[in-house]
Amino acid sequence: MISAVEAPSERNNGARIAAVLQRFGTLAIFLTLVVVATFWSDAFLTTGNILNVLRQVASGAGIMAVGMLYVILTRGIDLSVGSIAALGSVLTGYFVATSGYGTFTTILLVLLAGGACGLFTGAFVAYLRLPSFVMSLAMLAIARGLALIISDGRPIPLGEPGQAFQSFGSGFLYGIPQPVILMFLVFIVGGVVLNFTRFGRIITSIGSNEEAVRLAGIAVPRYILAVYVISGMLAATAGIISSSRTGVGSAQVGVGAELSVIAAVVIGGASLMGGRGSAFNTLLGALVMGIIGNIMNLAGVPGYHQQVYMGAIIVVAMLLQFGAGSLKR
């Protein structure tokens, strides 16, 4: 009799703890890392270093993480973001240096190319019901291969016509790097869409119970298709930023970026089973990845070793996520 009364109470306590972990766990990790890094290195909290961290996050996982969050909310995965970023970088160099297109036309065409990659993946996932893992893996190879073919395996210098891109990737506005401002805008818009629009509610519901959404008369494939298009366009945006920062279009951009992007979303508390995640926590997850990378750089950890540690961080994040899920059950 006593155990029968205590069991529901224990489950409720577990659910409350899980809810707190899911809501504030990423924020707690972020603040802890900031405090530890501040005491560990005097260089960490300098303005130059903070802006450098933010700029690296914006050029890396930051902007792409919003698209990945949308895909994961529908219970999918997009492994092709790094390759699409590489294709975007190469196309930027090609359009600017070879075709002589202006800034606006080049950005528009590259975004359309990224969207087309997402459209290809999303169409097979949404309408033919192929696994997103397999389709995005195929797109990973296709986009990277196209980038290598177009560039002939060599960097494409933007040259004189590409100077207009320097302000896009390396310029400042009120002392803040423009890519950082763009990243925050993407997260703000992504959060508003996710929390206050019908589109955001539906893609979250698809991950929670796709069949119920389908029975409600909603065209589920269209929404699944849309999240892959968004993911592709944001990945292409990362490629444009990379080209504008470095002054070349390169097929080597975004190698392994999908790992960092997925890690940022998972550390941000999104469930790989779909239906749960927030733009704010995903931003924190991306910043956590950036801070960890910065700490390792300040400590002089070799780049190859950093990849091992990043992989371990993903494992820990997954364990915490499943642990929280177990508490909730």
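Reader: Is the crossing of α10 and α11 right-handed or left-handed?

Author: Right-handed, for the crossing of α10 with α11. Bear in mind that this is a predicted model.

Reader: At what angle do the axes of α10 and α11 cross?

Author: Roughly 125°, and the axes come within 7 Å. Helix α10 covers residues 257–267 and helix α11 residues 279–298. Angles over 145° would count as roughly antiparallel and 65 to 115 as roughly perpendicular, so α10 is oblique to α11.

Reader: Which residues meet there, α10 against α11?

Author: From α10, S260, A263, A264, V265 and I267; from α11, T282, G285, A286, V288 and M289. By type, the residues of this contact are seven nonpolar, three polar and no charged.

Reader: Take T282, in α11. Buried or exposed?

Author: T282 has a relative accessible area of 0% and the cut-off for buried is under 20%, so T282 is buried.

Reader: What does T282 touch, sequence neighbours aside?

Author: Not counting residues up to four places away in sequence, T282 touches A65, L69, F187, A264, V265 and G268.

Reader: Which residues in α2 and α7 meet?

Author: On the α2 side, they include L54, R55, V57, A58, G62 and L69. On the α7 side, F184, F187, G190 and L194 are among them. The residues of the contact divide into 19 nonpolar, two polar and one charged.

Reader: Now the largest nonpolar core. Which residues touch the most other members?

Author: M64, M68 and I203, in a core of 86 residues.

Reader: Which helix gives the most to this core?

Author: Helix α2, residues 47–73, gives the most, with 15 residues. As background, nonpolar side chains tend to be buried together in soluble globular proteins.

Reader: Back to I203. What is I203 in contact with, leaving aside neighbours within four places in sequence?

Author: Y70, L73, T74, L194, Y223 and V227. Of these, Y70 and L73 in α2 and L194 in α7 also belong to the contact of those two helices.

Note on methods. Residues numbered from 1 in each chain as written. Predicted model: local features only at pLDDT ≥ 70, side-chain atom pairs only at ≥ 80, totals over all residues. Heavy atoms only, no water. Axes fitted to C-alpha atoms, helices over the stretch in contact; angles between N-to-C directions. Helix = DSSP H or I, 4+ residues; strand = E, 2+ residues; numbered from the N terminus. Parallel < 35°, antiparallel > 145°, perpendicular 65-115°, else oblique. Left-handed = near helix turned anticlockwise from the far one by under 90°. Contact = heavy atoms within 4.5 Å. Nonpolar A, V, L, I, M, F, W, Y, C, P; charged D, E, K, R; others polar. Core = buried A, V, L, I, M, F, W, Y, C linked by side-chain atoms within 4.5 Å. Buried < 20%, exposed > 50% of the residue type's maximum accessible area, 1.4 Å probe, protein only.
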